[in-house]
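Hi,

Here is the structure I promised to pass on. My notes on it follow below.

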Amino acid sequence: MHELEDLPILAELGDQLKAGFRRREARRLPAGRLLAALTAAAAITLVVVLALGVGGSGFGSAEASAAQALRAAADAAARQPDSFPRPEQFFYIRWLTSGLEPVRTHADEPMPRADESLPKARVKIETWEWWSKRRVGEIRSQVLSVTFPTAVARSLWEKLGRPALGGVLPAAGIAPGPIEIPLDPHVLSLSQVLALPTSPPALYRRLFASGTAYNAVEDVRQLDLYPIGPSLRSALYRALALVPGVHLVGEVRTLTGRPGEAIGAGGEELIIDRRTGMMLGWQAVITDSGAANLPAGTVAYQLAITARAITDNLDPPRAHR
């Protein structure tokens, strides 16, 4: 019954069915009682079907597919080795991002305005981070390329004297403090994150029950960037499988070309490796063409994790350079 236990309503119905079977008498039921039993069983079956979305409500087929994919990812994640940096060590992560950034309308603007109607440039950035419980870490970033999805955006950028488009970069060599992970609506320290329950229903109630599917996907994305360990990662996926509105997108490729399975809500999509259950990255897809002045389905932002490791110093691990 473990498949049913991932959906609270189905787990409850499953318990009712099991209790009903235990109460059955060994002898054949009289015709009237048999008819009543069949009617009750049909009613329970109908409720299960409706809960799975066949009747057009509750969990739809895309949501059921997402739940199945998340449970498979949870199983794969649980099989991964558990490694965590010692207090004097660093957790190292490197990623690539590619995102649409508004072009400045005035060359002297320190940062572009958050105006979705402005022409966009696509900026590709590489970032390295080192985090430690005791030592001062570091964040490094560099702009790798700037391209323009439209001729209008390029023309405006050239007219303004080709202003810098790396305003989203942190200051070079910035030293991060203790790991703080922004979740909706709280910010948790890494110690608080590691103390989260690994029971999927309890984790669902703790993180996701009062928010939206979009917020739940965002929270998993934030948490999975850090060394949370296989047990918590597996529990997160199973808890996310309980959130209505999360759907399976299908196979996609990350910014670096690695194939993965996309699961998300509201245009926010996690990309998960089917074999390992590890998050390969994520992407934000435009769902409303009018809001961003770009066609629906346009990938507005991508992040691909290219390395994770435990290190003793602030040098990129040799195997990941």
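How many bridges pair strand 1 with strand 2, and in which sense? Strand 1 (residues 90–102) pairs with strand 2 over 12 bridges, in the antiparallel sense. Strands and helices here are DSSP runs numbered from the N terminus (helices are H or I with at least four residues, strands E with at least two), and two strands pair if DSSP finds at least two bridges between them.

Before going on, some housekeeping: this is a predicted model, where local features need pLDDT of at least 70 and side-chain atom pairs count only at pLDDT 80 or more, while totals for chains, interfaces and linings use all residues. Residues are numbered from 1 along each chain as its sequence is written, and side-chain values use heavy atoms, with hydrogens and water left out.

Strand 2 (residues 120–131) is mostly covered, with 11 of its 12 residues buried (buried is under 20% relative accessible area, exposed over 50%, partly exposed in between, using a 1.4 Å probe and protein chains only). Glu 129 in strand 2 is the bridge partner of Ile 93. On to strand 3: a hairpin through 6 residues links strand 2 to it, and 9 bridges join the two, running antiparallel. Arg 122 sits opposite Thr 147 of strand 3.

At the other end, strand 7 (residues 259–265) and strand 8 (residues 268–272) run antiparallel, joined by 5 bridges.

Now for the rings. Tyr 92 and Trp 130 make a tilted aromatic pair, 5.1 Å centre to centre with 45° between the planes (centres within 6.5 Å, using the six-membered ring of Trp; planes under 30 degrees apart are stacked, over 60 edge-to-face, the rest tilted). Tyr 92 is in strand 1 and Trp 130 in strand 2, so the pair ties together parts 38 residues apart in sequence. Both Tyr 92 and Trp 130 are buried.

Cheers
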